[in-house]
Amino acid sequence: MSLVLEGVSKVMNGQTHIYTTDLTLESGTMNVLLGPTSSGKTSLMRLMAGLDVPQTGKVIWRGKDVTGMRVQDRGVAMVYQQFINYPSMSVYDNIASPMRILGKTKTEVDVAVKKAADLMQLTPFLARKPLELSGGQQQRCALARALVKDAGLVLLDEPLANLDYKLREELRAEIPKIFEEAGSIFVYATTEPEEALLLGGNTAALWEGRVTQFGPTPLVYRQPVNATTARVFSDPPMNFLNVRKSGDRLFFGDGQGVTATGALAELANGNYQAGFRPNHLELARHTQDAMEFTARLQVTEITGSETFVHLDHHGAKWVGLVHGVRDLPLGVLIEVYLDPRHVYIFAEDGALVAPAAYAMAA
Amino acid sequence: MAKITLDNLAHSYLPNPKHEDEYALKELNHDWADGEAYALLGSSGCGKSTLLNIISGLLHPSQGRILFNDRDVTNAPTAERNIAQVFQFPVVYDTMTVHDNLAFPLRNRGADPAYVEQRVQQIARMIGMEETLNRKARGLTADAKQKISLGRGMVREDVNALLFDEPLTVIDPHMKWELRTQLKSLHHEFGHTMIYVTHDQTEALTFADKVVVMYDGRVVQIGTPQELFERPEHTFVGYFIGSPGMNVLEASVTGAQVVVAGMPVDLGQSYGKPTGKVEIGVRPEFTRLSATEGLPARVRRVEDVGRHKIARVDFHGQEVNLILSEDQSLSPDMTRLVFDPAGINVYADKWRVPPEGEAA
């Protein structure tokens, strides 16, 4: 049982929202659509749901071509960023409504509502109206409604974006647990890499209407196939450095260079983009073959246990995330270190040339 | 720029409040030092926006006074307080160009056109909108509009304070980084008094010199990010700051020893004999698993968050979280929980008990 997008694309008012896309989602899986605003997450979901009809291609649901079939006939549940509930109905009736529409018996409805309410910790509030609930409870009500529908395809479009940070953390931990029992296909859109990692499952990285990579979430994170995926799947953003490999040296900027160490020594001569994540930039030399760079420290941000260092390296903005609270003078040049095991090498067009060695070991 | 003083300030949305419960903002005395960057952090309904609205003059407090540089402004309207504000959702003039939106607060006060031009260019560069200056605001994306709001908030150099109410909510994560860094360098450069309201701990901690943590209408701690991390004064601070938050376990404490679930743990410092409901708080960063020492526990699952891993451990029916580094793995015999004594805080009725000899 699966949902297959076969060469689907979507153009609206002359603008391409989704370029030709192939994607197969299996039952019982969590699938994250990760990308910034306007990258096509919602457009893709609308095609999956049947709210929009693709210009080209087919949508195959459980082996059947559903491409023009109305959304009402497809067994789809959707939860949006805004909390959508019926304001005049009680929480109980809100959760019950999709089942009543399906013509379920009173007992069936009651059993399902109580089970969903229990999972979503809404049991004490069943008699209340949605507006008498906190934001988190309102969204849990919307989630419970999606749950009782027992839909084969559940689409969650940034469902936690309007909630408080801590509440988000808690619901995020609950959602995979709740839905993994259901056996449906879950599609979850988010702009946040950390959310994708916490949800697990599979991730499709999206950029400007294209799925740049699809696969198991940790794999997409550690082994991005191109610089675009690496950029989308990194928060703070991945740091980049244009380098020229020549002999045993990597050159950058105005003729500065470092000795290419580790796997980087094996690289053929030529121009590349080197990419590395902020948490791999270090303020001290930890390994012998670490590469040393000099950069200007612009701002530091302390999170309590860690420090973000914002650097200017020959005009490129770099961010480092280091352990501990570092009180460093701003505006001065400092040395930073990078273990070659943590460096991804991309071609000038962005295609991955060599993955970071550490990521292959993990 | 100004020092802002809150003097016996409290607010209730009810006409004749009787109980403390009826106050959205409980009595508060505080000086916001001139030129510091503060964050007001708490979950929704904690009173942080109430407090901000009192400072800006959008709300008149039921009790107490507010002073700017020792001048009482409690009854002064917003316009007289000379502050700049940025709200959660963009407030822009759709029919005006980006340029004119940014210039508006300056022109409104009759600033010299040459200065307006120079300042607008400077701000446009900061928010990365130099290319779109001549476009009408209508039709721009929500985050572009919010950048204009931020820019307009910062365009005047002569304000008493800059107030931000969840300004980055509608901004994409990558842009958030950039704008926050910009705000931070701006503060570094001009030394405005800034108050930044947010429920997002990362935003609060990274932005502010001092974070004011609010809970249920009360300020529970004011401190640097490091203080909030290492010595949360209230279990709420421990829970709210940190991802995951601090582990809190019921315990009994006598001197330098704590007993958790019937088993002794060394505290390293003496705490006398705290009374009330006694708990210990240990952050996931100070918790580890061992095969040989510590308290028996069961690893339920390990989540890979990219730059580190979170292990969820069952300890006597309670979930305890701990953080593992990216390249650390767990062997099946690591079934014991170890708390680093330096990372343990003791709480009585949710408030931190200082160890004997700690300077108050």
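In chain A, helix H2 (residues 91-101) packs against helix H3 (residues 106-119) at an angle of about 130 degrees, with the axes 9 Å apart. The model is predicted: local features need pLDDT of at least 70, side-chain atom pairs need 80 or more, and totals for chains, interfaces and linings use all residues. Residues are numbered from 1 along each chain as its sequence is written, and chains are lettered from A in the order written.

**Helix pair in chain A**
- Helices are DSSP runs (H or I) of at least four residues, and strands (E) of at least two.
- The H2(A)-H3(A) crossing is right-handed.
- H2(A) contributes A:Tyr92, A:Ile95, A:Ala96, A:Met99 and A:Arg100 to the contact (C-beta atoms, placed from the backbone, within 7 Å).
- Facing them in H3(A) are residues including A:Glu108, A:Val109 and A:Ala112.
- The contact holds nine nonpolar, no polar and two charged residues.

**Sheet in chain B**
- Four strands form an open antiparallel sheet, ordered E2-E1-E4-E5 (pairing takes at least two DSSP bridges).
- Strands E2 (25-32) and E5 (71-72) of chain B are the edges.
- Five bridges join E1 (residues 4-11) to E4 (residues 63-68) in chain B.
- B:Ile4 has B:Phe68 in E4(B) as its bridge partner.

**Interface**
- 31 residues of chain A contact 32 residues of chain B.
- E16(A) gives the largest share of chain A's side, four residues.
- That side divides into 14 nonpolar, ten polar and seven charged residues.

Terms used. Contact = placed C-beta atoms within 7 Å. Nonpolar A, V, L, I, M, F, W, Y, C, P; charged D, E, K, R; others polar. Axes fitted to C-alpha atoms, helices over the stretch in contact; angles between N-to-C directions. Left-handed = near helix turned anticlockwise from the far one by under 90°.
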